[in-house]
Amino acid sequence: MTVIDASFRSRLTFASVGVVLLLSVVTVRLVQIELVHGDRLDEQARAHYEYKQTLKARRGRIFDRQGELLARSQSVFTLVVDSHHLRDLGLACIGLAKKEGVSPQKIRKTYLPREITGRYREYVAGSLAEILAIPKAELSRRLRERPKGEVVLKRYIEEDYARRIEAVLNENQLRGLYLRRGEKRFYPSPLALTQVIGYVNEEGDGLEGIEKTFNEEMRGTDGYRLCERDSRRREIHAFRGTQVDPVSGNDIYLTIDMALQAVVERELAAVVDRYEPEKVSAIWMDPRTGEILAMANRPHFDLATRKGILGQDPVRRNIAVTDQYQPGSTFKIVGYAGAFDRKVGSPTMQ
């Protein structure tokens, strides 16, 4: 009996020491994780459900001297596909279940994983082909060829069109596709004052003309919003965090008078039709103040498409202020001005 008690005590002691050592190791590891790696692991965990949504600042508008609108930004959307979500079995089963009128569990039991993702990709392509006016085979190829990252299916989608696409996504239970809001520059008179106004790139930065010269003033400052999202990357509105509102860019008012600009554009068009010059420019200036009231060049381009007019190559620089030329007879005005200034001549002299 004594031998059994001693043996039992030895085993109990050994087991207790083992448990203590094990718990000590676990405790040390927990302390190490919390104190040494805590911040990094917390950041990684938050990255799965938190994100920082950029709130784009609205770019400033451009007006003529009378307040006529020359350029503004309008909201547009880009339809993108998250390749990772497109291959998510759970999301794919939901879409296929809608298509076949069964439960997602039934889809999992019926098809192999690779079949599910392949069938879902074809389902997405078939559902969007008509509304995007893109052949199903082309859509399927674009969805298949990029296994990671995002695939852009269509850009510059206006709001009414975006609502129709969103209805198709919801009706067909299409997951992994998102409409991302952005901005596109809109020019009410895209064939007038083209080189003076200039244009912006896809990121909204000015590349030519007034758009480039006053880019910093018109760009504004982007804001942001801290959000949480669920497993489908949908925002959980109840858990919105800090929000910094964007600051819109400043509007620009030009000395240009579009009524006079229309006259100059019409006259230049007549000159081109009659004489077919390589290039021609016209500047209408107020001599008392130096203000430019109208300015135009040929050849020019279409602000909406950035393509040339009537099959010509687009000339996007402002020829009137960038190109050099030999003064020739135009310099005679300097001599006349000197004569008038010294009272040795008059405008009516022969």
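Ala282 stands opposite Ala296 in strand S10, within a pairing in which strand S9 (residues 280-285) and S10 run antiparallel and are joined by six bridges; two strands are said to pair if DSSP finds at least two bridges between them. This is a predicted model, in which local features need pLDDT of at least 70 and side-chain atom pairs count only at pLDDT 80 or more, whereas totals for chains, interfaces and linings use all residues. Residues are numbered from 1 along each chain as its sequence is written, and side-chain values use heavy atoms, with hydrogens and water left out. Helices (H or I, at least four residues) and strands (E, at least two) are DSSP runs, numbered from the N terminus.

Six of the seven residues of S10 (residues 292-298) are buried, where buried means under 20% relative accessible area, exposed over 50%, and partly exposed in between (1.4 Å probe, protein chains only). The hairpin of S9 and S10 has six residues between the strands, and in it Gly290 takes a positive phi near 80 degrees.

Helix H8 (residues 159-171) buries Tyr161, Ala162, Ile165, Val168 and Leu169. These residues cover an arc of only 120 degrees around the axis, which puts them on the same side of H8; the arc is that of the directions from the helix axis to the C-beta atoms. The face turned away from this buried side carries the exposed residues Asp160, Arg164 and Glu171. Just after H8, Gln173 takes a positive phi of about 55 degrees.

The structure holds three aromatic pairs, counted when ring centres of Phe, Tyr and Trp (its six-membered ring) lie within 6.5 Å, with planes under 30 degrees apart taken as stacked, over 60 as edge-to-face and the rest as tilted. Two of these pairs are listed here.

| Pair | Geometry | Centre to centre | Angle between planes |
|---|---|---|---|
| Tyr199 and Phe301 | edge-to-face | 5.9 Å | 85 degrees |
| Tyr336 and Phe340 | stacked | 6.3 Å | 20 degrees |

Tyr199 and Phe301 lie 102 residues apart, so that their pair links distant parts of the chain. Tyr199 counts as buried at 10% relative accessibility, and Phe301 counts as buried at 0%. Tyr336 and Phe340 are separated by about one helical turn because they are four residues apart in helix H14 (residues 332-341). Tyr336 is partly exposed, with a relative accessible area of 49%, and Phe340 counts as partly exposed at 31%.
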